[in-house]
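I opened my notebook to look up a few things in this structure. My entries follow in the order I made them.

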Amino acid sequence: MSAGVFVIGSRRNPFGAAQACNDDRLMPAVPPETLVKSALLTPAEQRSLVDRIRQGDSLAEEAIVVRFDRRIRALAVNRTRDREVARDLAQETLIQVLSALRGGQLRDAEKLGAFIFGIARNVINNYLRSRGRQPTEEPIDDLQIAGDDDSGLADRMALVRQALQRLDATDRRIMSMTLLEGWKPGEIASTLGLSVDVVRARKSRALKKVTERVQRWLRIGS
Amino acid sequence: MTCEEITRNEIMERYLLGRLEQPVRDAFDEHLFECEACFERLQTLRAVRRELAATAGAFGAERERAEAERATRGWIWKWALVPAFATLIIVSVIVWPRVLRSPAQPPASPAGQPAGGSATASPGQTSSGQASSGQAPSGQAQPSQATSGQAPPGQTSSGLSASASSTNVTLAELGRFEAPPFTPGSLRGSQDAAATRFREGMTRYRRGDYRGAIAGLRAAVRLDPEAAHATFFLGICHVLSGQRDEGIRALRQTIQLGDSPFLEEAHFYLAKALLQQNDPAAARQELMRAIELKGSLEQQARQLLAALDRTQARRP
């Protein structure tokens, strides 16, 4: 498992910490996959990081950067359409985040993700306002896939290619019409001669198959 | 916003298409800061869109090419008619009357019949398998079939010799294969002991020292029994070193690990190893499974299956 990737639930221990105890009374009442939600950081980890940063722990600061840099850059690319600008904005955001955390501005450590998101959004909006632009709502240009570095992107593309090859041709077509051309299920159904329910079910199944397969293979690789 | 809501309301797809209202988009963006699974899933969906767009582009180009070819054929056909008509006219006006006037001739003996449809397929038949492009995942092998167009002379990419498509081929010949190429992926995160031993083994593998690679790969598998890349290449090395039983065991282990990037290759090369062991029935099953996966080796698996069927049909 690569550093910085918290996936609670692995192949060996699909239920994460919940499986550590044998007492059924302590088992979660809801399905583990709903309960855990693959959180970025557990509440205890968030509290620990925030405390350590307040005490000047540079390793804790580095951990924040490692965990949130991709997300901030992804958000910035999404809204500015500019990878270089996104990098600068991500850096600016992290500087503000660390400064705020050092100053104890975060009262509830369990809201760390939301806190960082809030700062990132403000930094990006300020930039856009200074350029006289509005946050865009146009479809995202996938040529600027954010978050992955070049090697990560190539890895993911190769795995996606393999996963798509294993799909049924009609499922691939449904995914294409949905994700590329933005067709609604009803439009796809009438074009392909299928019912709307069948289109929805096939689309959902195909998306799930591809994303789960790629995620599983990425975890195998890491 | 919860993951369930995101799935139920197709939030992610609408986000990619830019169809979310701002408050919902903000809520989703915020969720991504708190949920690793959704963030990774979104990255994968972006990659899916990109790949679908690339394929759609190729399809569009293909469609244009097909239309251009049809137009060209139409053009050629049109102009081919001109000399045909001219010939017809000449025959009608000049030759045919002379034929009618000449004395009866005995019929000419028929020309030698052409040979029956040769059972030999065109040599140099290439596989439709495409070498995977892009870099391998970190610390992970690039599973790749023998690359198309690079087969040794007289041999196809699937290892079928030019005559293998004929009926005169043994199972051992069908089972022969070259080492699948390996491209080391870029490294991310820390290198654990299993990854280190894997790389040691694959360094030898790339030099063609398959027997020498076994120790490193075996160690990698011991350290990480679920490393499908390690079990796969261990199986390949065993088979290429003449240790078929061990190779078959390792390839079966790869398959038992379930859905991995090596599943299809494991079925395909296991089939090859079983052919070398003179077990066509089991090889057949593995080829069927490889075909069912509809991956990049599907075409090669179909060709090999057809060749196997021809070989079996020849037997008394």
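**Entry: a valine in chain B**

I began with Val239(B), which is buried at a relative accessible area of 5%. Buried means under 20% relative accessible area, exposed means over 50%, and partly exposed lies in between (1.4 Å probe, protein chains only). Val239(B) sits in helix H8 of chain B. I noted how helices are assigned: they are DSSP runs (H or I, at least four residues), strands are E runs of at least two, and both are numbered from the N terminus.

What does Val239(B) touch, not counting residues up to four places away in sequence? I listed Phe177(B), Arg244(B), Gly247(B), Leu251(B), Ala273(B) and Gln276(B). Contact here means heavy atoms within 4.5 Å. I also looked up a C-alpha separation: Val239(B) and Ala250(B) are 11 residues apart along the chain, and their C-alpha atoms are separated by 9.7 Å.

**Entry: ground rules**

I wrote down that this is a predicted model, where local features need pLDDT of at least 70, side-chain atom pairs count only at pLDDT 80 or more, and totals for chains, interfaces and linings use all residues. Residues are numbered from 1 along each chain as its sequence is written, chains are lettered from A and ligands numbered from 1 in the order in which they are written, and side-chain values use heavy atoms, with hydrogens and water left out.

**Entry: H8 and its partner**

I stayed with helix H8 of chain B, residues 228–240. At what angle does H8(B) cross H6(B)? The axes of H8(B) and H6(B) (residues 193–206) cross at roughly 35° and come within 11 Å. The axes are lines fitted to C-alpha atoms, for helices over the stretch in contact, and angles run from 0 to 180 degrees between N-to-C directions.

The crossing of H6(B) and H8(B) is left-handed. That word applies if the near helix is turned anticlockwise from the far one by less than a right angle; clockwise would be right-handed.

Next I listed the residues that make the contact. H6(B) supplies Phe198(B), Met202(B) and Tyr205(B). H8(B) supplies His229(B), Ala230(B), Phe233(B), Ile236(B) and Cys237(B). I sorted the residues of this contact into 7 nonpolar, 1 polar and no charged. Nonpolar covers Ala, Val, Leu, Ile, Met, Phe, Trp, Tyr, Cys and Pro; charged covers Asp, Glu, Lys and Arg; the others, Gly among them, are polar.

**Entry: a serine in chain A**

I moved to Ser176(A), in helix H7 (residues 169–179) of chain A. Is Ser176(A) buried or exposed? Ser176(A) counts as buried, at 13% relative accessibility. I left aside its neighbours within four places in sequence and found Ser176(A) in contact with Glu181(A) and Leu52(B).

**Entry: positive phi**

Most residues other than glycine have a negative phi. I noted two with a positive value. Arg81(A) is not a glycine, yet its phi is about 65°. Arg81(A) lies in the loop between helix H3 (58–80) and helix H4 (83–102) of chain A. At 22% relative accessibility, Arg81(A) is partly exposed. Asn278(B) also has a positive phi of about 65° without being a glycine. Asn278(B) lies in the loop between helix H10 (263–276) and helix H11 (280–292) of chain B.

Chain A has 9 helices and 0 strands. Of its 222 residues, 46% count as buried. In chain A, contacts with a separation of 6 or more are 64% from residues 24 or more positions apart.

Chain B has 12 helices and 0 strands. Of its 316 residues, 43% are buried.

**Entry: confidence**

I checked pLDDT, the predictor's confidence in each residue, from 0 to 100. Chain A averages 77, and 72% of its residues score at least 70. Residues 1–37 of chain A are below 50, and this stretch has 38 contacts in the model beyond near neighbours in sequence.

Chain B averages 74, with 66% of the residues at 70 or above. Over residues 105–159 of chain B the pLDDT is below 50; the stretch has 118 contacts beyond near neighbours in sequence. Residues 186–190 of chain B also stay under 50, with 16 contacts beyond four places in sequence. I reminded myself that where pLDDT is low, the predicted coordinates should not be read in detail.

For the complex, the predictor gives an ipTM of 0.75 and a pTM of 0.55.
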